[in-house]
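Dear colleague,

I am handing over the structure below, and my notes on it follow. Please read them with the coordinates open beside you.

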Amino acid sequence: DAVYVNHYLDAADKLITRAMEAIFTEYGHGKPLPPEGLANRMAMFHWDKDTDMSNNDNDNNADAESNDRHQATNGGGGGWTTKRSFDGLVRRLLHAMLTRDTFTVVVAGTTGTSSSQSQRRNHFRQSYAMQFHRIMEPIFARLNVKLITHNMKMTNDGTMLGGGALFGGGIGASDIYGQDIDLFLWDNDDDNISPEYTDLVLRQVLMSSKRVPLLWGGPFALLKLYHEEADADVGDFGTGYAGIPETTNDDAQAETLPWAVRYMKCSSDGPDLCQNEKHRYNSVCWIDRTDGIKPAQDQLLEYQHPEQQQEQEQGEKKKEHRPDDGWRSQQLQGRVLAFSILEGLEVAVNT
């Protein structure tokens with residue numbers, strides 16, 4: 001029924017547009033805005049889509065390209081991908097909608113000993129993978145697609161029971177991560193992991209899945225290799241910090257900012273309110289009891305090295321949190337990922 005399909009696609013396009021506009025509004029960039037404001041807000045979630053990666057054969061060009069991609073991800077934008085890879089995302093989304101299939105997203109990688117990313121310090125439901133799912137699941141459902149999101153980040157202590165992201169992910173990728181992956185996000189914040197080990201995991205993911213997933217994240221040299229030699233769809237996600245206003249040195253100014261961006265980016269000329277735990281966390285691992293029973297160890301010290309714990313307990317070192325530590329940072333990362341998929345859906349329903 002052509003009339004039904006046209007109405008369906010029109011409603012889907014409006015739903016996607018409303019979701020994207022809601023994310024902008026949440027971070028203080030809602031309409032109405034002047035023309036320059038409309039252009040500036042896109043810097044927060046903009047994905048740099050390269051035409052191709054094959055024109056960087058010599059080392060100088062490759063280094064320049066790597067720096068450009070680093071700027072797209074860590075410079076505060078939404079991230080980068082290639083035109084061919086983005087087209088692959090659009091086709092994958094179209095196929096899921098036409099066949100009423102699943103769309104599976106897996107977040108994997110290694111967490112350092114004192115890392116807070118994903119499963120540490122913040123409750124699991126506040127991790128960016130779950131924040132992404134919270135936004136996208138009802139939208140996919142309206143499009144007759146079941147969204148499945150797995151947060152599979154692990155500590156890399158070399159054991160399967162304790163995590164062993166590299167050993168387990170490399171040797172048993174299909175059993176651990178699944179065989180129907182559409183989008184594989186490699187988020188490694190352990191600086192001791194060499195590219196060779198990452199290469200093992202990503203190759204296994206590409207080869208062992210029933211679907212060849214999109215790869216987002218990982219060393220640029222590896223992503224370029226997979227893209228050019230294996231025709232894999234690749235990219236990397238950014239932070240979204242480009243559109244975050246600064247919190248100055250007083251709480252009164254912070255109260256004037258949108259709730260989602262308060263205490264995320266503090267100015268350097270004053271007390272660092274962004275390091276205050278009451279601003280970074282809104283959940284607890286323990287509720288105080290009237291009978292005096294409580295954990296023997298401070299919850300925030302549980303995952304630190306013994307030396308760090310001792311310094312913290314003796315007051316010799318100010319506790320500093322990672323930039324991605326806290327519910328607001330996790331939520332923003334989830335919104336960045338959601339916006340990238342929304343862009344793909346927008347193109348898909350208008351194809």
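**What was found**

Ile244 counts as buried because its relative accessibility is 5%, where buried means under 20% relative accessible area, exposed over 50% and partly exposed in between, with a 1.4 Å probe and protein chains only. This is a predicted model, in which local features need pLDDT of at least 70 and side-chain atom pairs count only at pLDDT 80 or more, while totals for chains, interfaces and linings use all residues. Residues are numbered from 1 along each chain as its sequence is written, and side-chain values use heavy atoms, with hydrogens and water left out.

Ile244 sits in the loop between strand 9 (234–237) and helix 10 (251–254); helices (H or I, at least four residues) and strands (E, at least two) are DSSP runs, numbered from the N terminus. From C-alpha to C-alpha, Ile244 and Leu332 are 9.9 Å apart in space, although 88 residues separate them in sequence.

Helix 13 (residues 327–349) packs against helix 4 (residues 83–99) at an angle of about 70°, and their axes are 9 Å apart, the axes being lines fitted to C-alpha atoms over the stretch in contact, with angles running from 0 to 180 degrees between N-to-C directions. That angle makes helix 4 roughly perpendicular to helix 13, a term that covers 65 to 115 degrees, whereas under 35 counts as roughly parallel, over 145 as roughly antiparallel and the rest as oblique. The crossing of helix 4 and helix 13 is right-handed, that is, the near helix is turned clockwise from the far one by less than a right angle, anticlockwise being left-handed.

Some backbone details deserve a look. Most residues other than glycine have a negative phi, and most peptide bonds are trans. Lys31 and Pro32, however, are joined by a cis peptide bond with omega about 0°, and Pro32 is placed in the loop between helix 1 and helix 2 (35–45). Asp231, which is not a glycine, has a positive phi of about 60°; Asp231 lies in the loop between helix 9 (220–229) and strand 9 and is exposed, with a relative accessible area of 57%. Tyr263 is likewise not a glycine and has a positive phi of about 60°, but Tyr263 counts as buried at 8% relative accessibility, in the loop between helix 10 and helix 11 (277–280).

Finally, Val5 lies in helix 1 (residues 2–26) and counts as partly exposed because its relative accessibility is 41%.
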